[in-house]
Each structure stands twice: as C-alpha cells, then as structure tokens.
Amino acid sequence: MSPKHKTRPSKSKSKRKHYRRVATEEAFSIPEQMDAQRELVATTQEYDPDLFLWKIQTDPSGPVYHNLLDLFEQRLRTMDEYDVDMHLLALTSTGVQMMSPEKGTAVAAIGNDRLHDAIQRYPDRFAGLATIAPQDPAGAVKEIERAITKLKLNGVMINSHTNGEYLSERKYWPILEAIAAHKVPLYIHPRAPIPLMAKAFRTDHLEHAIWGYQAETGLHGLRIITSGVLDHFPGLQIVLGHMGEGIPYWLYRLDFMHGRVRIPFDRPKLKLTPSEYFKRNFYITTSGMNWEPTLKFCIEAIGADRIMWAVDYPYQDHPDAVDFLDAARISEKDKQKIYHENAERVFKLKKK
Ligand code: MN
C-alpha cells in the first residue's frame, strides 16, 4: 500500500468474531500487463474510458500501482491485519482484452503461470481465476483447457466486452462451451461501457465505477440471458460482482416485460423466464457494495446460497468489507455461506 493510501481504523483483530473470510474479486497485475497497457495509453489519441484509468494505474506514483503488482508483501499483511483468509485473484480489468489477439493470448498465459506460482507458494491464502483473450476465441479455448486442467485455476474471468462485443455472440460460444465443460464458473468483471454507449456517460465522468461499469456489465449479463445461450449450456455458472450489477433489483420487470406478448418484439424464445435463469445460472458477490439494505434485498430476491463476499482490493479496502459483513443483521448461517461456504463450493477451494 502506498504511503498516501489511507484506511480507517477497524476493530482490532482480537475483538473480531472469527469467520473464514474468502474474498472473491481481488485484483493483481504483472509487469507484462502494465507494459502492454502503457503502450496502448501512449499510442491512443482519442479518449478511451478504460485507458483513462490505465494511465493512472500504470503510473508508479499512482494510488494502486504497487498494490496491484504486489502479491506477497503488503497484500498478505493487510489480509492478516483484517483477518482475511484468502484472496481469489484475477488479473486486473481490462485483463488482456484491449491487446491484439496474439499479444493478448501471450500475456494471458504469462499471467496464468504467475498466478499458479503464487497459489503454489501460498495455497491457503490464494486461489485464482484464469485470464483469457476472447479476441482470439481458439486460443482462449486452449488456454482455458491449460489453466483449468494443468494449472488447476478455479475459474475464468472476462472483463465484460471485448472490442465492443459480448459473449452472447456466436463467435464466443466455444469459450462458454469450454468453461461449461470444465464445470468452472465464469466471472464477468466490469470495465467501462462499449464505445457506442460510453459517450452518454462522459459528462461528470459517469463512465467508470460510479455508474458506467454496472450499466455495461449488467447489460452483458442480461444479454447472455436473453440470447438463449443458457439453453445451450444450462450448467454454465456465471458470477457477477457489485451485488449482481443491478440485475437482482430489476428481476420482476425483466420477467414482466420479457413475457409480454402484446408487442411483437423480435427476441429468441427461451425455456425459462429471465429471473429463473438468474437464480439457476448466476452468482453475485458483494464486491464494492458494502451496504446492508442491498445485501438483505439480494438474500430475499435470489437466496444466500448465491451470494459471495468480496473486497475488490486494491480498489477498495479490507476494513470496510469486513466490518460491513461482520455487522450485517443477517443469520449466522447466511453469514457463513457468504463469507466462505459458497465460494468453497463454487470455486472448488480447499476447505480448512
Ligand atoms: Mn473489481
């Protein structure tokens, strides 16, 4: 953590109730990703919302640079300080998805190897999600195979759109098929909205985590539902951060409007209603949404079995996320599920 970085005081470790705490959306970077993104920043003239943040992120004097590159020093210290047992790590957004297909596939493999090494070194502290380059679908399928069977990673992460396209499009189905075949989850992590959408968000910089990320990533999740792809891969399990990127709040209206037949909308026919897919095929995490009313609502709407805890380190801090769930007025049973039991099951983590 950089000296500039402030965290507010949390309860001392001795007073905190003991839970096994598994944080499920935790970011890291590698020098190869930093170099590739720095090059994109340097060679892109027009405004790009993701590169706007990458410019800050690749700056050694910036707020997250050192914490992203660090796996073993400050990260483990702050995990220990706040009694966090495990980080489920993934290469930070936008992964390799802004790179050329060749470069993306190459950097993904390096990142996955590095992640594997970190997990080997601290198997009780780290698990991880594989990075792939969807812009190279055949290469991505191969890397999924290698990352899951050889490197034993715990799932796959994709940072929402790739070159303005969503995973519901046919050319990406082999990727979904491979993930489903390996019976691991796909975590769809946010990035800024596709360029067509982003312009409307730019006033007051609404295109990032404040609003744009959930608009982009919620739309991505919804398009996977409405495209009918889940009728082809009914076992596919998808994880969305940030309490489900707004979708749980909207489930009633999605079902109502999708089922409406008075207007002849041209949509694929589905076997289930949107909310039925959501409750069958999606998990959500609490990343960056440390707010009890939303948590209680999501428990009621989709059930505590489908909710997992996350910090979103280093973009958000351990004490807020720990204090939030420790203090949440929900049942102890649900708290255990959300803190670790669901993550152990979904990501096939070694139980303690
Ligand atoms: Mn995140």
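**Figure 1. Helix H15 and the elements that cover it.** In helix H15 the residues His318, Pro319, Ala321, Val322, Asp323, Phe324, Leu325 and Asp326 are buried, as seen in this close-up of a predicted model. The helix, which spans residues 318-327, is mostly covered, with 8 of its 10 residues counted as buried. The cover over these buried residues includes helix H4 (74-81), strand E2, helix H11, helix H14 and helix H16 (332-346).

**Figure 2. The largest pocket and its lining.** The volume of the largest pocket is about 1100 Å³. Its lining is made up of 42 residues, of which Ala209, Tyr213, Gln214, His242 and Glu245 are the closest to the centre of the pocket. Two or more lining residues are given by each of helix H2 (49-57), helix H9 (212-226), helix H11 (242-245), helix H12 (247-259) and helix H14 (292-302), and the largest share, 6 residues, comes from H9. Sorted by class, the lining of the pocket holds 25 nonpolar, 12 polar and 5 charged residues.

**Figure 3. The largest cavity and the residues around it.** Searching the whole structure for cavities of 30 Å³ or more gives 1 cavity, and the space in the largest cavity comes to about 60 Å³. The residues that line the largest cavity are Glu25, Glu26, Ala27, Ala90, Leu91, Thr92, Ser93, Met157, His189, Asp312 and Tyr315. Strand E1 (22-28) and strand E2 (86-91) are the elements that give two or more residues to this lining, with the largest share, 3 residues, coming from E1. By class, the lining of the largest cavity divides into 5 nonpolar, 3 polar and 3 charged residues.

**Figure 4. The contact between helices H12 and H13.** The axes of H12 and helix H13 (residues 274-281) come within 7 Å of each other and cross at roughly 140 degrees, and the two helices are therefore oblique to each other. On the H12 side the contact is made by Ile247, Pro248, Leu251, Leu254, Asp255 and His258, and on the H13 side by Pro274, Ser275 and Phe278. The contact of H12 with H13 has, by class, 6 nonpolar, 2 polar and 1 charged residues.

**Figure 5. The contact between helices H5 and H6.** Helix H5 (residues 101-121) and helix H6 (residues 137-150) have axes that come within 11 Å and cross at roughly 5 degrees, an angle that makes H5 roughly parallel to H6. From H5 the contact is made by Ala108, Ala109, Asn112, Asp113 and His116, and from H6 by Glu143, Arg146, Ala147 and Lys150. In this contact of H5 with H6, 3 residues are nonpolar, 2 are polar and 4 are charged.

**Figure 6. The surroundings of Leu230.** Leu230 lies in helix H10, which spans residues 229-232, and its relative accessible area is 0%, so it counts as buried. When its neighbours within four places in sequence are left aside, Leu230 is in contact with Ile224, Ile225, Leu236, Ile238, Tyr277, Arg280, Asn281 and Phe282. Leu230 and Lys271 are 41 residues apart along the chain, and their C-alpha atoms are separated by 9.3 Å.

**Figure 7. Ser168 in the loop between E5 and H7.** Ser168 has its place in the loop that runs between strand E5 (156-158) and helix H7 (173-181). Its relative accessibility is 9%, and Ser168 therefore counts as buried, since the cut-off for a buried residue is under 20% relative accessible area. Apart from neighbours within four places in sequence, the residues in contact with Ser168 are Trp173, Arg223, Ile224 and Ser227.

**Figure 8. Lys348 in the segment after H16.** Lys348 is found in the segment that follows H16, and with a relative accessibility of 52% it counts as exposed, because that class begins over 50%. Not counting residues up to four places away in sequence, Lys348 touches Asn154, His182, Lys183, Val184 and Ala343. One of these contacts can also be described by distance, as Lys348 and Asn154 are 6.6 Å apart in space, C-alpha to C-alpha, and 194 residues apart in sequence.

Key
Residues numbered from 1 in each chain as written. Predicted model: local features only at pLDDT ≥ 70, side-chain atom pairs only at ≥ 80, totals over all residues. Heavy atoms only, no water. 1 Å grid on protein atoms, 1.4 Å probe; cavity = no way out; pocket = protein on both sides within 12 Å on 5 of 7 lines; lining within 4 Å. Points joined across faces, edges and corners; volume = space filled by probe spheres on them. Helix = DSSP H or I, 4+ residues; strand = E, 2+ residues; numbered from the N terminus. Nonpolar A, V, L, I, M, F, W, Y, C, P; charged D, E, K, R; others polar. Axes fitted to C-alpha atoms, helices over the stretch in contact; angles between N-to-C directions. Parallel < 35°, antiparallel > 145°, perpendicular 65-115°, else oblique. Contact = heavy atoms within 4.5 Å. Buried < 20%, exposed > 50% of the residue type's maximum accessible area, 1.4 Å probe, protein only.
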